[in-house]
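Work through the exercises below with the model open. Try each task before reading its solution.

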Amino acid sequence: MVALPLAVASARQAGDTGRAVVPAASRGDAPARPDTGSRSPHLLGLGLTTAARCGPELTSPDGIEAQTCVLTRGEDTWARTYYRNATGRSLDSVLSLMGPGDRTVQMRCATGADDEPATCETPRERSRGVPDAYTAVSEFAERGPEGALLLRSGSNS
């Protein structure tokens, strides 16, 4: 089983509110690097002072793995889902970011059948209200109008 990239960011201790502040890479959204015990910060590819509020990593019996997060950096908020599709077929998927004032942003994501870890994210928007006012949900379903829902993953599950 492949661990999703945010497993470290979403790991919590008892009493934690579920927020992780992640140190920056020196050049934008760099990939994660393992912690070698040096004094340099552990990088997760999210950038400077990005707060990540993530739901649990979920796996469906059909072979979809996903973890969905609300990310906040400065004045921007967006949703990102980390997923792996081991079903052997392409799927329909939608990522939704719901915020204050009944505002919702939806993104249709290309979910190929290649069994490789991937991400999907909504466009970044200027935050309205506090970060806890946002929730993200991703849904993966079989292709077509009658496609069965295979997995729903949320940032606050």
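**Exercise 1. A threonine and its surroundings**

Which residues does T81 touch, not counting residues up to four places away in sequence?

Solution. Note first that this is a predicted model. T81 sits in strand β5, residues 76-85. Step two: list the contacts. T81 touches A66, Q67, T68, L95, A118, T119, C120, S138 and F140. Step three: look for a polar partner. The side chains of T81 and T68 form a polar contact of 3.1 Å. Step four: judge the burial. The relative accessible area of T81 is 2%. Buried means under 20%, so T81 counts as buried.

**Exercise 2. Strand order in a sheet**

Give the strand order of the open sheet that contains β10, and its pairing sense.

- Step one: β10 pairs with β6 (residues 91-99) through 7 bridges, antiparallel. Within this pairing, S96 has V137 as its bridge partner.
- Step two: β10 also pairs with β11 (residues 149-154), over 5 bridges and again in the antiparallel sense. Here A141 stands opposite L149.
- Step three: β6 is joined to β7 by 9 bridges, also antiparallel. S93 faces C109 of β7.
- Step four: assemble. The order is β7-β6-β10-β11, an open sheet of 4 strands with antiparallel pairing. The edge strands are β7 (103-111) and β11, each pairing on one side only. On average, neighbouring strands of this sheet are turned by 15° against each other, direction ignored.

**Exercise 3. Burial of a strand**

**Exercise 4. An arginine in a loop**

Find what the side chain of R143 reaches, and which side chain it joins in a polar contact.

Solution. Step one: locate the residue. R143 lies in the loop between β10 and β11. Step two: compare sequence with space. R143 and L91 are 52 residues apart in sequence, yet 5.3 Å apart in space, C-alpha to C-alpha. Step three: list the contacts. Not counting residues up to four places away in sequence, R143 touches S90, L91, D92 and T111. Step four: pick out the polar ones. The R143 side chain reaches the backbone oxygen of L91 at 3.3 Å. A polar contact of 3.1 Å links the side chains of R143 and D92.

**Exercise 5. Enclosed space**

How many cavities of 30 Å³ or more does the structure hold?

Solution. Rolling a probe the size of a water molecule over the atoms shows where empty space is left. The search gives 1 cavity of 30 Å³ or more. The largest cavity holds about 30 Å³ of space. L97, M98, G99, P100, R103, T104, V105, E125 and Y134 line the largest cavity. The elements giving two or more residues to this lining are β6 and β7.

**Exercise 6. Positive phi**

Where are D102 and D115 placed, and is each exposed or partly exposed?

Solution. Most residues other than glycine have a negative phi. D102 has a positive phi, near 60°. D102 lies in the loop between β6 and β7 and is exposed, at 77% relative accessible area. D115 also has a positive phi, near 65°. D115 lies in the loop between β7 and β8 (118-121). At 32% relative accessibility, D115 is partly exposed.

Technical notes
Residues numbered from 1 in each chain as written. Predicted model: local features only at pLDDT ≥ 70, side-chain atom pairs only at ≥ 80, totals over all residues. Heavy atoms only, no water. Pairing = 2+ DSSP bridges. Axes fitted to C-alpha atoms, helices over the stretch in contact; angles between N-to-C directions. Contact = heavy atoms within 4.5 Å. Polar contact = N/O pair within 3.5 Å; in protein donor to acceptor, adjacent residues only side chain to side chain. Buried < 20%, exposed > 50% of the residue type's maximum accessible area, 1.4 Å probe, protein only. 1 Å grid on protein atoms, 1.4 Å probe; cavity = no way out; pocket = protein on both sides within 12 Å on 5 of 7 lines; lining within 4 Å. Points joined across faces, edges and corners; volume = space filled by probe spheres on them.
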